[in-house]
Amino acid sequence: MKKTILFGIMIVLFFTVFLGVQPVYAAESVIDDQTESKLVEIKENQAKSLEDYQEKYGSKAYGMVAYILNLVRVYSIPFCFLGIAIGAIHQYIIGIRKLDTLEKGMGLVVTFVTLLIICQILPLAFAVFVKFGRG
């Protein structure tokens, strides 16, 4: 019975993969005009944001570093919350039965909380250093 179900699933997956895929030729335009205009708008906004940072810090190098640190600050929040959630699952759900998983979960939570704090404070420390440290 299990072999029959497995064989049926494999046949369905086979047909889905080979019949559900449509070829794309080089002559066809995959991206329509609306999507292209949206991508150009996003690119211009990011370029303007980078120019604002360079103008604010008075240097291309400092502006680029501040821009990158801001991106790290923004994107570290969901990444670290996901890591904290995985660590909590290891610690409180899986760790009930296995002691080594409990310790692994605690290590993950501590690591991701530390990483979150560092990623949130680093842009502030850089701004303070550039503002008061350059003289």
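Q: Which residues are buried in α3?
A: In this predicted model, a residue counts as buried when its relative accessible area is under 20%. In α3, the buried residues are Gly63, Ala66, Tyr67, Leu69, Asn70, Ser76, Cys80, Gly83, Ile84, Gly87, His90 and Gln91. An α-helix has 3.6 residues a turn, so residues three or four places apart point the same way.

Q: What do the buried residues of α3 pack against?
A: Their packing partners are two helices, α2 (33-57) and α4 (99-133).

Q: Why does His90 count as buried?
A: His90, which belongs to helix α3 (residues 60-93), counts as buried because its relative accessibility is 18%, and the limit for that class is under 20%. When neighbours within four places in sequence are left aside, His90 is in contact with Gly95, Thr101, Leu102, Lys104, Gly105 and Leu108.

Q: Is Gln91 buried or exposed?
A: Gln91, also placed in helix α3, is buried, because its relative accessibility is 12%. Setting aside its neighbours within four places in sequence, Gln91 is in contact with Ile96, Thr101, Leu102, Gly105, Met106 and Val109.

Q: Where in α3 does a kink lie?
A: A bend is read as the angle between axes fitted on either side of a residue. In α3 a kink of about 35° lies at Ser76, shortly before the proline Pro78, and Ser76 is also among the buried residues of this helix.

Q: Which side chains meet in a salt bridge?
A: A salt bridge needs a side-chain nitrogen of Lys or Arg within 4 Å of a carboxyl oxygen of Asp or Glu. By this rule the count is one salt bridge, in which the side chains of Asp52 and Lys48 meet at 3.6 Å, N to O. Both residues lie in helix α2, four residues apart, about one turn of the helix. Asp52 is partly exposed, with a relative accessible area of 37%, and Lys48 is likewise partly exposed, at 49%.

Q: Which residues make the nonpolar surface patch?
A: The patch, of about 760 Å², is made by Phe7, Ile11, Phe14, Phe15, Val17, Phe18 and Leu19. Leu19 is found in helix α1 (residues 2-19) and counts as exposed because its relative accessibility is 65%.

How values were computed:
Residues numbered from 1 in each chain as written. Predicted model: local features only at pLDDT ≥ 70, side-chain atom pairs only at ≥ 80, totals over all residues. Heavy atoms only, no water. Patch = residues over 30% accessible without salt bridge, like charges linked within 9 Å, V, L, I, M, F, W, Y side chains within 5 Å. Areas by Shrake-Rupley, 256 points an atom, 1.4 Å probe, with all protein chains shown as cover. Buried < 20%, exposed > 50% of the residue type's maximum accessible area, 1.4 Å probe, protein only. Contact = heavy atoms within 4.5 Å. Bend = angle between axes of the 7 residues up to and from the residue.
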